[in-house]
Amino acid sequence: MRIPLEWLREFVAVPADASEVAHKLTMIGLEVEAVENLDNDVVFEVNVTPNRPDCLSVIGIARELSAVYNTPLEFPDHDILAETGELDFNVDILDKELCHRYAGRIVKNLRLGASPEWLRNRLEKCNIRSINNIVDITNYVLLELGHPLHAFDLGTIKGRRIRIGTPNTVKGKGAKVVIKTIDGVDHEMPGESLLIWDEKRPIAVAGVMGGHETEVSDSTKDIFIESAYFDPASVRRTSKALGLKTESSFRFERGTDIKMLKKALDRAAYLMKTVAGGDIHGKIDIYPKRYRPAAIIVRYERVNEILGLRLTKKDMLNCLNGLGFEIETLPDRLKIKPPAYRRDIKMEADVIEEIVRIYGYDRIPAQLPKATIGTEGNELKVRSNIKQAFLKSGFTEVINYSFMGIHDIDMLGIDEKDERRNSVRIKNPLRAEDSLMRTTLIPSMIKNLVHNVAHGNKELRLFETAKVFIGRNENSGLPDEREHLAALYYKEKVKALYKDETHDFYIVKGIIEAVFNELKIYDYSFIRSSEPFLHSGQSADIFIMDEKVGYVGSVSPAVIDVLDIKAHKPAVVVMELDIDKLMPYTMQVVKYRALPKYPHVERDTALVVDSSIEASAIVAWLKSYASDMIEDIHIFDVYQGKNIPEGKKSIAFNVRYRAAGRTLKDEEVDALHKSLVDYILDKTNGQLRQ
Amino acid sequence: MEDPKQTFLKELSSANNLSELANLRVKYLGRKGIITERLKSLSALPPEERPLQGKNINEIKESIEADLDSRESRLKHEELKKQLLSDSVDVTLSGKFIPFGRPHPINKVLSEITDIFVGMGFSVEEGPEVELDYYNFEALNIPKDHPARDMQDTFYITDDIVLRTHTSPVQVRVMEKRKPPVRFIAPGKVYRCDADITHTPMFHQIEGFMVDKGITFSNLKGVLEAFLHRMFGADTPVRFRPSFFPFTEPSAEVDIGCILCGGAGCRVCKGSGWLEILGAGMVNPKVFEHVGYDPEEYSGFAFGMGIERIAMLKYSIDDIRLFYENDIRFLRQF
Ligand SMILES: [Zn+2]
């Protein structure tokens, strides 16, 4: 809301300069967002919160200043000196719940024309375009007193009759009612929206916009000015339904001053007579639903309990006195009735805010409450551990929007029955590509890849932890929100100072194993995956015990092909983990085990086996050999090629033997190892590598 | 008899490596070495000459031993030097390393804030991002058809389900689960149907909440001032001014003195010298009524802040969209 200081000073003699006034307003809850210096004036840009429609006017701001500076408020001139004739007009309020008061005046023989300089000037300072003197005056009064008015061309109102009612009331339920508003648009009106009607037809959408057919035009001489109070929620519903937001609806839906509306009407008539020389006729004022505020009890003790202050009754009254409340003082409490323009004051807490607002927030001492020890909770700690493992492994964290489009899921070739197609749809997305909530983090990761490669970034280690949203719960209607972690690894094959022949797949797999190691999860396994968007020969599903918790693998060349990546086809490894599923396996208590007292003995052996036999099978077989002296088994070499027959591969493994209570003898280890080797040769149908 | 020392010294000077030196040692001091033989031959001398000759030869022996040892140690030193030289690397080449990853700046700021509040006795709670209208609005005293809904452009899933527009619904969910006292923060993602240079459709907030017997506005100021001083420095001015949130009453907007211009006024603070950083207030009794807390027995405060704004101020970032482009040249700066 733009407020010129010079206009303000007309109503309150503020004993302060512009910057002090701006500061004062800010500190009582009317934040001055900007101060604009003009030639002879200063305009404040005041941010008025939705609870304070009373401050959407010059008089409203002046009223606040009059309270804080304890200076009287002057009302603008609105005396109607001579009224010509009676109002031969019939007004019926048919829906009294939606229209609490309706007043109007007829002004005749107006000379429509350009507005005088002073009027145009003030409107311009408030960023309102001047149209003609009649429309300008309704806007002027709106800015000055905060009350929206509407001027009809009297000659176009049929039957000298005004009715206020909804289509349901006037025409009956189901009747089709259309009105063309002054912006030239035809609106079919919802049955419960409030309209203004003449004898025959709707002539305005109450509180929102006037009708095209009764609009003031260049030939208008006589007008009917409307000043009314419409139910805020009703105006808001209608404004939303039509998608029409106006200065008028903005104020009505926040709540206008039902008592001010008569002053506003007279002020407008007065100004029209002054500016456009009209004859003011009699007034009609129908007020079926009077403003009768309930008394609010405010306990002195409660005020201090909530604020942490020790205010006296007198302090409190000093704060409240300028605000227009009707106050009754009792020994332990106040009984307060707020004025019609303060419908936001409904309960004790609202009055407490008024007291402290005027008293000054800055005068409240800052005092810490008694402290206890806080906690992050176990889940957050585990998540933080997982993040740390990725950070230490060189992965940089990204945050993507939680949105995706159906295209993303199609691109991954995800099956029709897959739960990742069971996504949550946004009714009003900003873009079609962002109309679903993510069910997997991979599409975002791939977008990060495309962006970064396009900007010449040649090595990427990225990860993200975020929620995915699956399905909808039958009872709550809410989706299942699961915490996922996804990572992407990409390295352009360029000449490097130091050679690293490790396959990209193992780099990412290694990090997953490091994470499991960090979380002390041991019962995991990697089993060839059938995710449709992964390279079938370089991908694995990740299991803990028998539960699938994620997958890792190279992105399928078919997916890479359709990406907007120029020049080369990159090798990209991705992984995704359901972190929530890891939780039950991580809560192990650490218990110390004694270090071994006796030395170990190691033996290495290389086998030649069918190349289809996977390493995990060999390790599993070796581990199935019953001996309590085998401490550890690991594979240290896999080789295919020269000296190894076609269709075979060489696998070398190392076994570490140790006995708990003594030193092992070489001969005994030799015998044990030979037996183990025989066992594995039998299982794999393999041979010793020569 | 000729003096073996002279020949020895000549030979010693031409022994240029450890094996030649070892040969020399054998030649003179070995079991059949020249000096050893001399010592053996002493027994052939007349008894009166033996002591003198013996002393003589022993002196030569000791001197040769000393010379050999010293030569050996010098040669060893030289050989080590030669070996180190041939094993040397170009220390100016860069080392082989994988730089640690970086946390996203938003999460970096988020955990910094979380740590401060955990230190002040707050625990950490979470709530769903796809939320019922009831928790996001109704229970927070924002009824349908209320203009306060305009403060937040909402993404709708159905008429009753929204993407949460703030982290405040966590208040209600926690109060439904637990009796007072409660004291927690709730960090997380929130969504608004808005996108331009200063708005992204998704961003992050931290909600703070505390309810107990006798909690006052003064306590709210205490907690937030302590937090802001830890976050932005102990000298940072803090200002509370009245504002409006449907779920708090009284409500406050909390400003800090502009950290960029020191309060003199600049583009970022729009010349005011102040930066709006937090919304806060005393919990509205109507919110308590929704969850069955007795507002006569308990009072409390709530506050909320946007993380992007704090991160932008902290790192002087001028375009909020950079956070969600995820360009590693940006991300690796934090
Ligand atoms: Zn500044």
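Mentor: The C-alpha centres of domain 1 and domain 2 of chain B lie 89 Å apart. This model is predicted.

Trainee: Which residues of chain B belong to domain 1 and which to domain 2?

Mentor: The domain assignment gives 4-86 as domain 1 and 105-331 as domain 2.

Trainee: Why is I164(A) called buried?

Mentor: Its relative accessibility is 0%.

Trainee: Where does I164(A) lie, and which residues does it touch beyond four places away in sequence?

Mentor: I164(A) is in strand β7 of chain A, which spans residues 161-165. Its contacts include V91(A), D92(A), I93(A), L94(A) and D95(A), and also L194(A), L195(A) and I196(A). C99(A), Y102(A) and F230(A) are touched as well. As for T246(A), it is 82 residues from I164(A) in sequence and 20 Å away in space, C-alpha to C-alpha.

Trainee: What makes D434(A) count as buried, and where is it placed?

Mentor: D434(A) has a relative accessibility of 13%, and the cut-off is under 20%; therefore D434(A) counts as buried. It is found in the loop between α14 (406-411) and β20 (436-437) of chain A. Beyond four places in sequence, D434(A) touches F403(A), M404(A), I426(A) and P429(A).

Trainee: Why is S243(B) called buried?

Mentor: The relative accessible area of S243(B) is 11%. That value falls under the 20% limit, so S243(B) is classed as buried. This residue belongs to strand β6 (residues 238-245) of chain B.

Trainee: How do you know that the side chains of S243(B) and E253(B) make a polar contact?

Mentor: The distance is 3.1 Å, and a pair of N or O atoms must be within 3.5 Å. Apart from residues up to four places away in sequence, S243(B) touches S251(B), A252(B) and E253(B) of chain B, together with T49(A) and E353(A) of chain A.

Trainee: How many cavities of 30 Å³ or more are found, and which residues line the largest?

Mentor: The search of the whole structure finds one of 30 Å³ or more. The largest cavity has a volume of about 40 Å³. Its lining consists of R63(A), E64(A), A67(A), G322(A), L323(A), Y341(A) and R342(A). By class, three are nonpolar, one is polar and three are charged. Domain 1 (2-69) and domain 3 (296-359) of chain A each supply at least three residues of this lining.

Trainee: Why is the second largest pocket said to lie between domain 4 and domain 5 of chain A?

Mentor: Domain 4 (376-585) and domain 5 (601-688) both give residues to the lining, so the pocket lies between them. The volume of this pocket is about 1,600 Å³. Of its 39 lining residues, K509(A), E513(A), A615(A), S616(A) and V619(A) are the closest to the centre.

Trainee: Which element supplies the largest share of that lining, and how do the lining residues divide by class?

Mentor: The largest share, nine residues, comes from β28(A). Among the elements of chain A that each supply at least two residues are α16 (504-518), α19 (615-624) and β29 (648-657). The lining of the second largest pocket comprises 19 nonpolar, 11 polar and nine charged residues.

Terms used: Residues numbered from 1 in each chain as written. Chains lettered and ligands numbered in written order. Predicted model: local features only at pLDDT ≥ 70, side-chain atom pairs only at ≥ 80, totals over all residues. Heavy atoms only, no water. Buried < 20%, exposed > 50% of the residue type's maximum accessible area, 1.4 Å probe, protein only. Contact = heavy atoms within 4.5 Å. 1 Å grid on protein atoms, 1.4 Å probe; cavity = no way out; pocket = protein on both sides within 12 Å on 5 of 7 lines; lining within 4 Å. Points joined across faces, edges and corners; volume = space filled by probe spheres on them. Nonpolar A, V, L, I, M, F, W, Y, C, P; charged D, E, K, R; others polar. Domains from an automatic or database assignment. Polar contact = N/O pair within 3.5 Å; in protein donor to acceptor, adjacent residues only side chain to side chain.
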